[in-house]
Amino acid sequence: MKPEAGAYEALIQFLYQSPIGLLQARPDGEIMMANPMSAQLLMPVAPGGNLLNLFDALQTVAPELRAQTAALGESNGVICEALRVPVAHPRSLVKALDIRLLKLDADTLIASVSDATAAALDEQQRVASQLRDATRTDSLTLIPNRAVALERIEQALLHARSDAAYQFALLFINIDRFNRVNASLGPGVGDELLRLIAERLSSTVRLGDVVVSGIAVPSHTQTAARLGSDEFVVVLEGLRRADDVHGVAQRLLDALAKPYGIAHEQLHLSASMGVVLRAQAEGDADAVLQDASTAMRVAKRAGGARYCVFEPQMKQRAARRGQVESDLRRALAQGELFVVYQPLVDLVGGACSGVEALVRWQHPARGLVPPVEFIDVAEETGLIAPLGAFVLDTACRQFAAWQRQLGDGAPQILSVNLSRAQLADAHLPELVARSLADSGLAARHLQLEITESLAAQGESVQRMLHRLKALGIGLALDDFGTGYSSLASLHLLPVDVVKIDRSFVSQAETSAHHRVLIEATVRVARSLGMRTVAEGVETAGQADILAVLECDKGQGYLYARPLPAEQAQDWIIEHLR
Ligand code: C2E
Ligand code: CA
Ligand code: CA
């Protein structure tokens, strides 16, 4: 049916004015009809601006169309639907085209060409925003990353500047002893664990809406993010009251302390947390984060599984520790450390049965520095490894020399202290074996001391203790009575000697209660085939009571202070067995 003259005019008008390029071509591409818009759109892509043949015009941007059309053969149908092609021409405002091509019948191709610049830009922006998301998401746990955390802190600081009543808090979280999990179970399990931790933090934070002011709470007001390794932060923006942070902190710690079912095991973890409140927040986001991390380290030093609220003095203390660290590095390199020896005596008879090696530091400016002031720092910084090796080596050599010199009457046991970090080092047994071999000291003369609280910790410590015992050396439980384990669990520990802490011994004369505890310890230890040493014996009265209570040995100022090697040797010679 032929259109009426008026309608035909209208169609031509429509084609002329259409914002879409419309054209008709023969199956070989020869263009029969093209409206002005199609010419305008195709001109920039057509080689030489030549619009005689559709396939020639699209040759550089859609070369496949000619073959696709030919492939249709006798049949008709859609050749392409919204083929997006770029427009490279530098002066063209149109940057992309959408092309549709249809074979209508044996003689006719119909094409539409439209400006896809806006759609292409949208697409570009979508991809860019996805990329941006990737730079804001932690790839392992899929929670927000450090960049987001800093942004949230910055936002809170900004808000605080304009609103005196505004409260916020930053919680810095570090998993306790995470390295051990990684080392003992493998990094795969470590990664899985980090994902579970991230999940718990995020969901706990999400449930925490009660602490936020207002009714319509934007989701970003509480953000859990991962900074890296086993460190996370939670930013609480818009707290109702600063005090509310205690509840949130504890809830997060509780959530993290629930067992993790992983690799067919139930894993138990705890975390240390540092909290910075608005009132203490100073400087930029980085500075606040740093302060939160300082408070976290205070929590960790206090034994972990807790949170500490940042106080400005912590910064000074941290700086002092930093000073100790660099001093200690130099001390190790320049031989400022040395070992002193405190005799252990038989409570009956008074002969010297052994010595405990204790480290000392002759600081060029500060004088003699006691170990309590640097052992912790050495632990935290990894300096304990060279320090511990130095003490063990020096003491083994010295003790072997005394044995050669003094013969049968020489003291039999050299006791050396082990720290937490040394015990966590899988190579410790080899190190000990090497010290013994290098010094020529027989394993049965060496005894390593570990504190009660250390020994009570978990399976990996137990495994290490058994590996050490397998070397043929002895183990002593240091500071007994101050830690977590009790007399009832003493039989679980593979130790030969129990050292009763000074806090019990010092009250032996005045407190019946302490006497009973000492007696009970001696009895239980005996029944398990362990010997007992009383630490910090200062008076003859204490020594008498300890002898009556059948404690085996004593160590303390009553007999001798820790002495440098030469003086220790003189003392030993006077007290040969
Ligand atoms: P510890 O292992 O319990 O050592 C006994 C501490 O008590 C020593 O303090 C010793 O000087 C002190 N002491 C001994 N008899 C008496 C006494 O009668 N009265 C009083 N008031 N104190 C007495 P020191 O040498 O300052 O060592 C403190 C702690 O530092 C040690 O406690 C030990 O835990 C650690 N430490 C010392 N040397 C080393 C070391 O080479 N490696 C490691 N990992 N830790 C060490
Ligand atoms: Ca000790
Ligand atoms: Ca002790």
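Mentor: The buried residues of α20 are covered by elements that include α18 (502-505), α19 (512-527) and β20 (531-535), where contact means heavy atoms within 4.5 Å. Helices (H or I, at least four residues) and strands (E, at least two) are DSSP runs, numbered from the N terminus. This is a predicted model, in which local features need pLDDT of at least 70, side-chain atom pairs count only at pLDDT 80 or more, and totals for chains, interfaces and linings use all residues. Residues are numbered from 1 along each chain as its sequence is written, chains are lettered from A and ligands numbered from 1 in the order in which they are written, and side-chain values use heavy atoms, with hydrogens and water left out.

In α20 (residues 540-548), Gln542, Ala543, Ile545 and Leu546 are buried, that is, under 20% relative accessible area, with exposed over 50% and partly exposed in between (1.4 Å probe, protein chains only). Viewed down the axis of α20, these buried residues fall within an arc of 165°, so they line one face of the helix; the arc is that of the directions from the helix axis to the C-beta atoms. Asp544 and Val548 are exposed on the other side of α20. After α20 comes Glu550, with a positive phi near 70°.
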